[in-house]
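My entries follow the model.

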Amino acid sequence: MPLTAAQNRSLKKLAHDLKPVVIIGQHGLSENVLKEIDTTLNTHELIKVKLAGADKEDRKALSGEIVARLSAELVQIIGRVAIFYRPNPKKKKNRIVV
């Protein structure tokens with residue numbers, strides 16, 4: 001489900017005030033970190049992930065792996081922070097609809 005430009009803009013606005021909820025450190029993307037990102041996406045739908053200790057190419061690769069393994073959408077990467085979105089149709093309240 002690729003996002004349109006308008007949807008992407010809308011999600012960027014919503015994510016502006018969010019704080020990173022998951023930090024990927026020097027040990028990279030482990031299974032536990034992936035589970036935490038998955039759980040957080042189910043709960044919040046739109047999250048920021050801090051990609052600490054990685055250069056630009058590594059951050060792109062980490063983001064791509066998260067997108068591929070969790071069926072999420074990459075909204076934006078700014079510096080060491082990536083914004084991910086995955087709708088949760090089972091969520092009853094406070095859904096993010098784009």
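**Ground rules.** I am reading a predicted model, where local features need pLDDT of at least 70, side-chain atom pairs count only at pLDDT 80 or more, and totals for chains, interfaces and linings use all residues. Residues are numbered from 1 along each chain as its sequence is written, and side-chain values use heavy atoms, with hydrogens and water left out.

I found an open sheet of 4 strands in the order 1-2-4-3, with mixed pairing. Strand 1 (22–24) and strand 3 are at the edges with a single partner strand each, so one side of each has no neighbour in the sheet. Neighbouring strands are turned by 25° against each other on average, direction ignored. Strands here are DSSP runs of E, at least two residues, and helices are runs of H or I, at least four, numbered from the N terminus. Two strands pair if DSSP finds at least two bridges between them.

**Strand 4.** I looked up residues 81–85 and noted that 4 of the 5 are buried (under 20% relative accessible area, 1.4 Å probe, protein chains only).

**Its partners.** Strand 2 (residues 46–51) pairs antiparallel with strand 4 over 5 bridges. There, L46 stands opposite Y85. Strand 3 (residues 73–78) also runs antiparallel to strand 4, joined by 5 bridges. L74 has F84 as its bridge partner, and I77 stands opposite A82.

**The turn.** Strands 3 and 4 form a hairpin with 2 residues between them. G79 in the turn has a positive phi of about 60°.

How values were computed
Buried means under 20% relative accessible area, exposed over 50%, partly exposed in between (1.4 Å probe, protein chains only). Axes are lines fitted to C-alpha atoms, for helices over the stretch in contact, and angles run from 0 to 180 degrees between N-to-C directions.
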